[in-house]
Amino acid sequence: MKKITKTLRTRGAGAIRADLMLAPLVMAMRLPLMAADAQNGRGLGSETARAINEKATAVAEGAFAAQMALFQSAARFWPEVFSGRTPSLFNGIAVERSISAALKPASRAVKANFRRLSSKD
């Protein structure tokens with residue numbers, strides 16, 4: 001049972017890592033659009049505003065998801081102690097879940113941006 005759970009966690013972390021590896025490509029595709037917006041001289045263009053909005057949303061969603069993951073681990077503390085298991089707050093699983101939950105919205109946004117920007121070509 002433990003091995004399956006660890007494998008699923010590792011697979012989920014690998015998917016997040018793969019999506020976040022697209023970030024440099026998204027930046028490279030977005031820079032010419034942002035440069036064109038800047039040359040117009042009208043202030044923030046649509047692509048620049050969208051980039052700022054997506055980043056702010058991903059940060060807020062990630063912070064909330066991380067806090068909820070830690071809250072769930074804290075809520076599971078006593079049931080884990082009474083069942084004889086090591087609490088997830090002590091063995092690092094809670095931190096791993098929290099980090100994974102925090103990165104998931106950014107991963108989703110990068111993947112969506114890559115799909116959207118690569119279809120513009």
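The model is predicted: local features need pLDDT of at least 70, side-chain atom pairs count only at pLDDT 80 or more, and totals for chains, interfaces and linings use all residues. Residues are numbered from 1 along each chain as its sequence is written, and side-chain values use heavy atoms, with hydrogens and water left out. The structure holds 3 aromatic pairs and 3 salt bridges.

**Aromatic residues**

- A pair of aromatic rings is described by the distance of the centres and the angle of the planes.
- Rings of Phe, Tyr and Trp (its six-membered ring) pair if their centres lie within 6.5 Å; planes under 30 degrees apart are stacked, over 60 edge-to-face, and the rest tilted.
- A search of the whole structure gives 3 such pairs.
- Phe77 and Trp78 are edge-to-face, because their planes stand at 85°, with ring centres 4.9 Å apart.
- Phe77 and Phe90 are also edge-to-face, with centres 5.6 Å apart and planes at 85°.
- Phe77 sits in helix α4 (residues 77–82) and Phe90 in the loop between α4 and α5 (93–118), so this pair ties together parts 13 residues apart in sequence.
- Helices (H or I, at least four residues) are DSSP runs, numbered from the N terminus.
- Phe77 is buried, at 16% relative accessible area, whereas Phe90 is exposed, at 62%.
- Buried means under 20% relative accessible area, exposed over 50%, and partly exposed in between (1.4 Å probe, protein chains only).
- One aromatic cluster is formed by Phe77, Trp78, Phe82 and Phe90.

**Surface patch**

- Phe64, Met68 and Phe71 make a nonpolar surface patch, with about 330 Å² of accessible area together.
- Patch residues have over 30% relative accessible area and no salt bridge; nonpolar side chains (Val, Leu, Ile, Met, Phe, Trp, Tyr) are joined within 5 Å, like charges within 9 Å.
- Areas come from the Shrake-Rupley method with a 1.4 Å probe; for residues, only the protein chains shown count as cover.
- Phe71 belongs to helix α3 (residues 46–75) and is exposed, at 56% relative accessible area.

**Helix α5**

- With 26 residues, α5 reaches 36 Å from its first C-alpha to its last, close to the expected 38 Å.
- The expected span is 1.5 Å times one less than the number of residues.
- A kink of about 30° lies at Lys104, shortly before Pro105.
- The bend at a residue is the angle between axes fitted to the seven residues ending there and the seven starting there.
- The buried residues of α5 include Ile93, Ala101, Pro105, Val110 and Leu117.

**Salt bridges**

- Side chains of opposite charge can pair when their charged atoms come close.
- A salt bridge is a side-chain nitrogen of Lys or Arg within 4 Å of a carboxyl oxygen of Asp or Glu.
- Arg30 bridges to Glu54, with the closest N and O atoms 3.0 Å apart.
- Arg30 is in helix α2 (residues 23–40) and Glu54 in α3, so the pair ties together parts 24 residues apart in sequence.
- Both Arg30 and Glu54 are buried.
- Arg50 also meets Glu54 in a salt bridge, at 3.3 Å, N to O.
- Arg50 and Glu54 lie 4 residues apart in α3, about one turn of the helix.
- Arg50 is partly exposed, at 40% relative accessible area.
- Arg108 bridges to Glu61, with the closest N and O atoms 3.5 Å apart.
- Arg108 is in α5 and Glu61 in α3, so this pair ties together parts 47 residues apart in sequence.
- Arg108 is partly exposed at 47% relative accessibility, and Glu61 is partly exposed at 37%.
- Shared partners join the salt bridges of Arg30, Arg50 and Glu54 into one network.

Conventions: Helix = DSSP H or I, 4+ residues; strand = E, 2+ residues; numbered from the N terminus.
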